[in-house]
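Trainee: I have a structure open and would like to talk it through slowly. Could you help me read it, one part at a time?

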Amino acid sequence: MKKLLLAVVLGTSTMLMAQAPAAAPADPLAPLDFLLGTWTAISNAPAGSAGAAVAGTYTFRRDVGGHALVRTSSSDTCKGPKDFDCDHHDQFTVFADANALAIHKTSLLGLYLDSEGHVIYYSAATPDPQTVIFNSQSPPNAPKFRLTYHLEGSGPKAVMSGKFQMAAPGSDDYHSYLEWSGTRLK
């Protein structure tokens with residue numbers, strides 16, 4: 001009996017070692033690669049309640065060994081109402097977390113921080129290969145935010161459009177705060 005048990009154990013371990021190694025997991029950020037590069041951004045004023053006319057650039061790049069997508073931006077010109085912060089600076093980092101699937105129904109998450117002290121946690125959805133929608137993970141008694149990027153076309157004439165929208169607490173009625181579009185610089 002001991003010899004039979006030993007033969008089964010040895011046979012099983014030999015079969016396990018003979019199996020091909022598991023394939024490396026697919027890159028969870030790959031669906032967002034259409035964002036990569038430096039883009040011009042011209043606000044589509046007066047579209048959006050901000051009432052601002054802004055022109056600048058933003059860059060999406062991979063960071064931390066390719067495990068995060070980071071957006072940085074700059075504004076070259078800005079004209080808006082008195083309560084619009086033309087000196088606004090922000091940082092947006094998108095990352096994958098397989099553990100988030102159970103709670104957020106997606107493994108793509110984002111963290112937004114800005115110079116006004118705002119912190120917004122997002123979950124991401126890619127309804128098609130040229131679009132990503134970031135929805136805030138807001139408590140029921142807080143406003144909700146949605147950030148959308150959509151690429152139209154391909155090559156040097158491709159246009160990236162974006163919009164930042166808000167909804168009142170408890171509502172799904174989103175209104176644009178700021179909308180923009182532009183082409184890839186590099």
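Mentor: Let us begin with a term: helices (H or I, at least four residues) and strands (E, at least two) are DSSP runs, numbered from the N terminus. Please keep in mind that this is a predicted model, in which local features need pLDDT of at least 70 and side-chain atom pairs count only at pLDDT 80 or more, while totals for chains, interfaces and linings use all residues. Residues are numbered from 1 along each chain as its sequence is written, and side-chain values use heavy atoms, with hydrogens and water left out.

Trainee: Which residues is A167 in contact with, leaving aside its neighbours within four places in sequence?

Mentor: Contact means heavy atoms within 4.5 Å, and with those neighbours left aside, A167 is in contact with P143, K144, D173 and Y174. Take K144 from that list: A167 and K144 are 23 residues apart in sequence, yet their C-alpha atoms are 5.0 Å apart in space.

Trainee: What does β9 pair with?

Mentor: Two strands pair if DSSP finds at least two bridges between them. Strand β8 (residues 144–152) is joined to β9 by nine bridges, and the two run antiparallel; within this pairing, E152 has V159 of β9 as its bridge partner. β9 also pairs with strand β10 (residues 175–183), again in the antiparallel sense, over eight bridges, and here M166 has H175 in β10 as its bridge partner.

Trainee: What about the turn in the hairpin of β8 and β9, how many residues are between the strands?

Mentor: There are six residues between the strands of that hairpin, and G153 takes a positive phi near 85 degrees.

Trainee: Zooming out, how many helices and strands are there in the protein?

Mentor: The protein has two helices and 10 strands, and along the sequence they follow the pattern α-β-β-β-β-α-β-β-β-β-β-β. Of the 186 residues in the protein, 31% are buried. If you take the contacts between residues at least 6 apart in sequence, 41% of them join residues at least 24 apart.

Trainee: New topic: how many salt bridges does the structure hold?

Mentor: Side chains of opposite charge can pair when their charged atoms come close. A salt bridge here is a side-chain nitrogen of Lys or Arg within 4 Å of a carboxyl oxygen of Asp or Glu, and the structure holds five of them.

Trainee: Which residue does D33 form a salt bridge with?

Mentor: D33 forms a salt bridge with R62, and their closest N and O atoms are 2.9 Å apart. This pair links distant parts of the chain, since D33 sits in the loop between α1 (2–18) and β1 (37–43), while R62 is in strand β2 (residues 53–63), 29 residues apart. D33 counts as partly exposed because its relative accessibility is 31%, and R62 counts as partly exposed at 25%. A network of salt bridges links D27, D33 and R62.

Trainee: And what do D90 and R71 do?

Mentor: Their side chains meet in a salt bridge, with 2.7 Å from N to O. D90 lies in strand β4 and R71 in strand β3 (residues 68–79), so the pair ties together parts that are 19 residues apart in sequence. D90 counts as buried because its relative accessibility is 16%, and R71 counts as buried at 6%.

Trainee: Last one: is Y121 buried or exposed?

Mentor: Y121 lies in strand β6 (residues 119–128) and counts as exposed because its relative accessibility is 53%.

Terms used. Buried means under 20% relative accessible area, exposed over 50%, partly exposed in between (1.4 Å probe, protein chains only).
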